[in-house]
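Please look over the fold of this chain before reading the notes on it. The briefing takes up the sheet, its helices and the domains in turn.

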Amino acid sequence: MSARAAILERLAASPERFPGTLLLTGPSEGALERESRRLAARLLCPGDDGAGECRSCRRVEEGIHPDLMTLLPEGVGDIRIERVREALAFAAGRPYEAARRVVRIPKAERLGDAAENALLKSLEEPGDRVRWILSTTRPDALRPTIRSRATVASLPAPSLEERETTWRERGFSEDEARDLVLAADESEEDPAERLKEFRELRLAIVGALEEGLGGGRLPPLLLCAEAMAPRGEDRGPGRLLSELLADAALATAAVPAAALRHRAVAGRLAALARRVPPAALRDAAVMAADAPADRRRGNRRLHFEKILIGLYGAVRRDGGRSG
Ligand SMILES: [Zn+2]
């Protein structure tokens with residue numbers, strides 16, 4: 001059970017004082033889903049049922065409470081405007097049995113412009129009979145007009161172990177759960193595909209380091225630098241390079257493989273680390289984690305080129321070292 005923000009404890013404690021519109025943000029869609037459902041149950045519960053075990057709370061959990069509506073996008077597109085209009089009609093209606101109605105909008109970043117416009121008035125003044133609970137992993141993707149109408153509460157980031165446990169509960173093996181956490185993608189969509197891409201990228205980076213630093217060839221390192229600077233603001237590849245270099249630096253300090261982040265390639269990193277001065281690995285790891293936020297792809301590529309060429313130079317200067 002992950003820690004819960006104090007503001008959420010206060011909100012759940014007094015349904016009467018719950019804000020008309022709550023925007024719940026956090027790093028994991030799974031955690032947002034659980035929290036928004038728990039708050040909805042609390043708002044609809046006829047009693048003071050902390051455990052959420054009464055009939056009303058159970059029906060919220062099963063998604064069949066008549067005073068709860070959940071608005072979801074269909075497929076990969078935006079939430080459809082027709083569904084938003086249905087939600088507005090539901091929100092304006094008299095509750096069947098609870099003191100109020102609740103509309104949940106998970107993935108609120110997928111409200112399109114028209115949907116946001118249609119919602120503004122009700123979010124601003126929902127009245128006593130409805131509570132809106134929006135949630136998103138990407139609050140920046142919501143327009144300020146929506147954010148300014150909501151009370152914002154953030155869930156704390158779950159620990160590494162909690163995130164691994166969540167993936168294992170979804171049927172992934174121990175190794176897969178670990179790599180999914182390391183892949184650090186927050187979307188939680190299509191995890192099998194992301195796992196595959198992540199592992200391919202990791203093998204490509206390790207291969208480039210082996211060829212470049214172990215084999216003394218510059219071109220694989222330049223190609224690697226290119227791959228570290230993808231379009232857009234994805235900083236995942238640079239972070240992965242940084243973690244691999246940090247693991248390699250730890251391997252030279254005789255840290256057991258089990259303590260490394262990327263256990264799957266620990267042996268290869270340890271072999272690589274025997275050829276590179278540890279201080280150079282550590283410096284490179286720090287620099288790789290600190291890629292410029294600059295959107296110009298060329299500048300970011302140069303940043304990674306500088307790091308990898310620096311390592312290449314350190315290996316050549318240190319040529320006497322090996323094995
Ligand atoms: Zn209850």
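The points below are grouped by topic.

This is a predicted model, in which local features need pLDDT of at least 70 and side-chain atom pairs count only at pLDDT 80 or more, while totals for chains, interfaces and linings use all residues. Residues are numbered from 1 along each chain as its sequence is written.

**Domains**
- The domain assignment, automatic or from a database, gives domain 1 (6-158) and domain 2 (189-317), and their centres, taken over C-alpha atoms, are separated by 42 Å.

**Sheet**
- Five strands form an open sheet in the order β2-β3-β4-β1-β5 with parallel pairing, where strands are DSSP runs of E of at least two residues and helices runs of H or I of at least four, numbered from the N terminus, and pairing requires at least two DSSP bridges.
- The edge strands, each pairing on one side only, are β2 (68-70) and β5 (151-154).
- Strand β1 (residues 21-25) pairs with β5 in the parallel sense over four bridges, and Thr25 stands opposite Ser154 in β5.

**Helix pair**
- The axes of α11 (residues 236-252) and α12 (residues 266-273) come within 8 Å and cross at roughly 70°, with axes fitted to C-alpha atoms, for helices over the stretch in contact, and angles running from 0 to 180 degrees between N-to-C directions.
- The two helices α11 and α12 are therefore roughly perpendicular to each other, a term for angles of 65 to 115 degrees.
- The contact (C-beta atoms, placed from the backbone, within 7 Å) includes Leu244 of α11 and Leu269 of α12.

Notes. Angles under 35 degrees count as roughly parallel, over 145 as roughly antiparallel, 65 to 115 as roughly perpendicular and the rest as oblique. Two residues are in contact if their C-beta atoms, placed from the backbone, lie within 7 Å.
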